[in-house]
Amino acid sequence: QVQLVESGGGLVQTGGSLRLSCAASGRTFNRGRMGWFRQAPGKEREFVASITWSFGRTSYADSVKGRFTISRDNAKNTVFLQMNSLKSEDTAVYYCAADTPDDGLGSFDYWGQGTQVTVSS
C-alpha cells in the first residue's frame with residue numbers, strides 16, 4: 001500500500017525558508033510524478049509544484065515560481081520542496097501527492113496527511 005509521509009512544516013517569519021520532505025513507500029516509484037499541493041483556511045486546495053520521477057521535469061504554480069524549488073531523490077523515494085522568501089499568503093497545509101500508473105497516469109491518486117506551514121509577519 002502506498003504511503004506518503006510529509007515532514008518539515010512549521011512556523012517561520014516572513015522572508016524565511018522551510019524545506020518540506022515527502023517520503024514515499026509501498027511501490028516502485030520510477031514512473032509518473034510527485035506533486036505538492038496546499039490548502040489555506042477557507043480556500044480550495046491548489047497545485048504548488050510537481051516533478052517527474054524519470055527525467056525530473058518540473059512544473060510550478062505562478063505564485064511560487066522563483067521562490068520554491070521541487071526536487072527528488074530517486075534512491076530514497078523522497079521528494080522535497082524548498083520554500084524561500086516565504087510570504088503570509090503561503091500559510092497553508094501542504095500535501096504531498098503521487099501520480100502513479102496504478103490508476104492511470106495523469107491524476108494524483110495517493111495523498112499524504114499534510115503538514116502545516118505558517119508564515120508570520
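**Figure 1. Overall dimensions of the predicted chain.** The radius of gyration of the protein chain is 14 Å, which agrees with the value near 14 Å for a compact globule of 121 residues. This radius is taken over C-alpha atoms, and the globule rule is 2.2 Å times the number of residues to the power 0.38. The C-alpha trace spans about 40 × 25 × 25 Å along its principal axes. The model is predicted: local features need pLDDT of at least 70, side-chain atom pairs count only at pLDDT 80 or more, and totals for chains, interfaces and linings use all residues. Residues are numbered from 1 along each chain as its sequence is written, and side-chain values use heavy atoms, with hydrogens and water left out.

Figure 2. The protein chain has 11 strands and 0 helices. Both element types are DSSP runs numbered from the N terminus: helices are H or I with at least four residues, strands are E with at least two. The accessible surface comes to about 6,300 Å². Carbon and sulfur atoms hold 45% of that surface. Areas come from the Shrake-Rupley method with a 1.4 Å probe; for residues, only the protein chains shown count as cover. Of the 121 residues, 44% are buried. Buried means under 20% relative accessible area, exposed means over 50%, and partly exposed lies in between (1.4 Å probe, protein chains only). Among contacts with a separation of 6 or more, 53% come from residues 24 or more positions apart. A contact means heavy atoms within 4.5 Å.

**Figure 3. The open sheet E1-E3-E8-E7.** This sheet has 4 strands in the order E1-E3-E8-E7, with antiparallel pairing. Strands E1 (3-7) and E7 (68-73) stand at the edges with a single partner strand each, so one side of each has no neighbour in the sheet. Neighbouring strands are turned by 15° against each other on average, direction ignored. Axes are lines fitted to C-alpha atoms, for helices over the stretch in contact, and angles run from 0 to 180 degrees between N-to-C directions. E7 and E8 (residues 78-83) run antiparallel and share 6 bridges. Two strands pair if DSSP finds at least two bridges between them. Phe 68 stands opposite Met 83 in E8.

**Figure 4. Ser 21 in strand E3.** Ser 21 is found in strand E3. Ser 21 counts as buried, at 18% relative accessibility. Leaving out residues up to four places away in sequence, Ser 21 touches Val 5, Glu 6, Ser 7, Trp 36, Thr 78, Val 79 and Phe 80. Tyr 60 lies 39 residues apart from Ser 21 along the chain, and their C-alpha atoms are separated by 17 Å.

**Figure 5. The largest nonpolar core.** The largest nonpolar core has 29 residues. Such a core is a set of buried Ala, Val, Leu, Ile, Met, Phe, Trp, Tyr and Cys residues joined through side-chain atoms within 4.5 Å. Met 34, Trp 36, Leu 81, Met 83 and Tyr 94 have the most contacts inside the core. The elements giving two or more residues to this core are E3 (18-25), E4 (33-39), E5 (46-52), E7, E8, E9 (92-99) and E11 (115-120). Beyond residues up to four places away in sequence, Met 83 touches Gly 16, Ser 17, Leu 18, Leu 20, Arg 67, Phe 68, Tyr 94 and Val 117.

Figure 6. E5 is largely enclosed by the rest of the structure, because 5 of its 7 residues are buried. E4 and E5 run antiparallel, joined by 6 bridges. Met 34 has Ile 51 in E5 as its bridge partner. The hairpin of E4 and E5 has 6 residues between the strands, and Gly 42 in the turn has a positive phi of about 80°. E5 also pairs with E6 (residues 58-60) in the antiparallel sense, over 3 bridges. Here the bridge partner of Ala 49 is Tyr 60 in E6. The E5 and E6 hairpin has 5 residues between the strands, and Gly 56 in the turn has a positive phi of about 65°.

**Figure 7. Ser 50 in strand E5.** Ser 50 is found in strand E5. Ser 50 is buried, with a relative accessible area of 6%. Not counting residues up to four places away in sequence, Ser 50 touches Arg 33, Met 34, Gly 35, Arg 57, Thr 58, Ser 59, Ile 70 and Phe 108.

Figure 8. Side chains alternate along E11. Thr 115, Val 117 and Val 119 point to one face and are buried. E2 (residues 10-13) runs parallel to E11, with 4 bridges joining them. Gln 13 stands opposite Ser 120. E9 and E11 pair in the antiparallel sense over 3 bridges, and Tyr 94 stands opposite Thr 115.
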